Amino acid sequence: MGPLSLVLLLLSAHWSCAQEEPLLPFSEHLDPEHNVRLKWGFDEIQGTILFQLTVNTSGWVGFGFSPKGGMTGADIVIGGVGPEGSYFTDRHAGGNSIPVVDQQQNYKLLSLTESDGKTVMKFQRSVESCDENDLSITNLPMKLIYAYGQSDDVAYHINRRGTKEVNLLKYMPRVTPPNSKYFDMTMANFSVPANQTYYHCKIMRAPTFERKQHIYRIEPFITNFDLVHHLLLYRCPPTVTEPFEVQCYTGGGEECMETVAVWGVGGGAFELPEMAGLPIGGNIGDFFYRLEVHYNNPNKSAGRVDNSGLRFYYTSELRQHDAAILMTGLAVAPGYAIPPKAKSFLTYGLCDTAYIPKVLESPHDLQVFSVMLHTHLAGRKVRVGHFRGGKQIDLLAVDENYNFEYQEVTNLGKTKTVKLGDKLLVECTYNTENRATLTWGGLSTSEEMCLSFLFYYPAMNLSSCVSFPNLQTLAPAMGATDTDIWVNMMYKNTWNDTSINQYQQTLKRIDQLVIVVDSFTNGSFNPGMIPDLKVIPPAPCMSSCAIKTHWSCAQEDPLLPFSEHLDPEHNVRLKWGFDEIQGTILFQLTVNTSGWVGFGFSPKGGMTGADIVIGGVGPKGSYFTDRHAGGNSIPVIDQQQNYKLLSLTESDGKTVMKFQRSVESCDENDLSITNLPMKLIYAYGQSDDIAYHINRRGTKEVNLLKYMPRVTPPNSKYFDMTMANFSVPALQTYYHCKIMRAPTFEHKQHIYRIEPFITNFDLVHHLLLYRCPPTVTEPFEAQCYTKLSISECMETIAVWGVGGGDFELPEMAGLPIGGNVGDFFYRLEVHYNNPNKSAGRVDNSGLRFYYTSELRQHDAAVLGTGLVVAPGYAIPPKAKSFLTYGLCDTAYIPKVLETSHDLQVFSVMLHTHLIGRKVRVGHFRGGKQIDFLAADENYDFEYQEVTNLGQTKTVKLGDKLLVECTYNTENRTTLTWGGLSTSEEMCLAFLFYYPAMNLSGCMSFPNVTTLRSEMGTPSQNAWLNMMNNMTWNDTSINKYQQTLKKIDQLVIIADSFKNISRNPGMIPDLKVIPPAPCMSGCAIKSLALISLLLCLAVHWA
């Protein structure tokens, strides 16, 4: 990440919903006449970007991105306010003609106004777009194009258009005031000692200024890039009155602790935002400063002279705010240690801002605009969690791929408010697998730090807010009576996964010493505990309803797959769906009334403590509020509105309210939605006067995230397909197959529920039921994959894995059997895992199928995707995180099916064996990843089940699905081959979808010919010999994994009748797209000041 700077053009220092400049810190005029102005900001955590375009016109306005600066290939939005209201569309241009409206609308309009001859259009999009007609926004300069008209007739713009190249994500405005000057603070011919690590400190006076000046840019001045690791400039208290130089932390200058500037290896210049500057001179006082230079001299070179330091650009044109830097994280001291042999060890530093008033008389909130994260050589990740009211509300900053060689001040993309009372948790992840001894906290590069420097305004006389584990608690918690015994125990400990994990858990759960220090070394020492930190990385690409699509905006049932009547009379119906990846849940409440409606969650089923929303359509329009109840009275409106209203309509005596919220709420007045049953409450009135509901209310307990409706049609029946007194062989792994006929039905039936029937839970690992082609006409039993007819039955009908339970299909789909489906045989495959090789065990396990003659809208089916199960690939030993990939390219499905169509996927079962740790299913369209179809970041071999996606996801013909499995073989000494045994491995995802196709598998396998050639062993025997005799270490493992990923794949499509198509394919790059942060709305105090559209802008930012 290169150096970033901010330009925040503020109307005032008090941020309200109507005053959103913190979300739009950057600004550029796109034309020389200043008729077109673009403001923008971005959210690096969420992967979204916000724009506000202001144009001096009352006609249409257009803005976009162009590959070369012209119309061809451009990604454009056009909007305006016409006689019939506002209009806004996402478009693309094929040439010099009116841009075409995109099939998929991937920009979200937040507000559009026209007044006094100006049109202001605010909109948002994902940085990475999901649409082949849109361009991704990158870290490189992009050609921005604009055009506008004098009327709302979107026609040729004549000369009202232009192009400007701007780097949106790495913006550096380089503001230079007319009276700009600079001064340097550097070493002066300092002879660097021949030490591996050395910290040198120089106490010096800055230039004297009669009036206060503002530093607006800081540039590193480095004369020895191979020696200088980082620089820090601290302001000294008034007690320091003389210049001197000394080795740091040896007895001079330690009282100079207020951070003024920071630079790390790999960083560049840093520009402060236009509303803030670092103050110097005038009433700030005539202070001395301490320049600290960390020299990293691994070769212990002698005779090197250094003049490194910092250059400060300043101006007398003062900005709105004084800026400052606050050091947060883990106090740098040798009292904690990171154990060796750890692949992922976490340390924590807590800043509790509630303690700041203990050292400052007039503290205030912090407006944080930039951050620098800092560890030493073992650091791999740094995250800064932001907590308010006991709950995590955001990640203030995050670096998931921390690089010791590339540290810089990073722009947050928008100003983030840290309120007094908030907590900041700096979490650092270290890898010490290549170290044999403890790594202590300390100043040396081979020691460690965990720090986050926050750049904020308005400035306070505050130097640090850090923490340290309470050593008096830590020692006894680990069984040591004093610190000396604890240190000795740490050195002598046998460090392995168990002891490392136990130590890490102890460090996290014990009390902390939170230390807050002002600029004059006055400190406050306070207790604290480490909260749990959740990862909140990028949201998936935005998309609106397609212009022409099977599912319209009004027909969103794929997003609302679940339904329950909440009352016996069926006057209140709730539909819902959720996004497990994003951590959001969507509701649609339909009530037979023209009055107000209420819905919520209650701890015990009554009003007390309930989390409620109330809405309706009244004489003045719609209304909707997030509330909470203290008892049997009208619920109180929440200070923070954490529900998002999507639509609210009333017609024919029915009110339909659609709204969304986060599964985990950020508000102490809201209840989190869990995997357990919750008490849902409802009430409604006959008018829009929100008053007592009389008897129009009720409670119903429903498990929203693990919903099992247990629908039982009147004519419901079942049949079983099981083993029959099968004697399990005394083998560690055995697959038994039984070919049998299902019951015969004259008319087609729909299977709507499948239940496992397991008689030996300690032996049965998983079950699969396949449909056989018409060529299989006789029942028989045999060991699986030893007879041709067994291998012919490959169309998956049902699947169950150890730890799973019943599976209910959605109301619109059922698995077909009988009638025109045909009278087929089926193969039941049971995988017996018998590690003790027990003999004489008899098994009758299988599956129970519930069916009905009341047919549903669609026939459902199961498609096997992933990596073909075969021994031609191997997972090396000693790997902490080895990835395999299976590719399904649906563009090849028409090669085996005459009539193929899109898949509506509603559930999935992910499957590996013992060493599997993670399984992800990436979804790609048009060469870009658009989503995760499914993901299990904590895969458990002992708990496999069919998982509901929470919403129906469309896989279009031509999309690619990539199944990625992560394995850990650190405890294995030999290769692990792909295969059927539990000690071998698989990487599969079974997709449950509708409408059904005669399709059994869509998988891939590495091209073994290419693989052997890339590894320098053309023959199979030579390759096998090399693999078995390879010295497997991090280098060889990584090289082999990269080879497996970059070579061509063989993509195999198989229909239900063993027709197969073999095709080429390449593995795309998979990005992690985990949960979005908690939703929140505008505070009620701000709502009175702004319009609904501006409030929605905050919601979606």
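These legends walk through close-up views of aromatic rings in a predicted model.

Residues are numbered from 1 along each chain as its sequence is written, and side-chain values use heavy atoms, without hydrogens or water. Because the model is predicted, local features need pLDDT of at least 70 and side-chain atom pairs count only at pLDDT 80 or more, while totals for chains, interfaces and linings use all residues.

**View 1. F587 and F599 make a tilted pair.** The structure holds 50 aromatic pairs; rings of Phe, Tyr and Trp (its six-membered ring) pair if their centres lie within 6.5 Å, with planes under 30 degrees apart counted as stacked, over 60 as edge-to-face and the rest as tilted. Here the centres are 5.5 Å apart and the planes stand at 50°. F587 belongs to strand β40 (residues 584–591) and F599 to strand β41 (residues 597–602); strands are DSSP runs (E, at least two residues) and helices are too (H or I, at least four), numbered from the N terminus. Both F587 and F599 are buried, that is, under 20% relative accessible area (1.4 Å probe, protein chains only).

**View 2. F882 and Y1040 are stacked.** Their ring centres are 5.7 Å apart, with planes at 20°. F882 sits in strand β64 (residues 882–889) and Y1040 in helix α7 (residues 1034–1046), so the pair ties together parts 158 residues apart in sequence. F882 is buried at 0% relative accessibility, and Y1040 is buried at 2%.

**View 3. Charges sit over the rings of Y313 and Y348.** Such a contact needs NZ of Lys or CZ of Arg within 6 Å of the ring centre and within 35 degrees of the ring normal. R217 lies 5.0 Å from the ring centre of Y313, and K508 has its charged end 5.9 Å from that of Y348.

Methods: Buried < 20%, exposed > 50% of the residue type's maximum accessible area, 1.4 Å probe, protein only.
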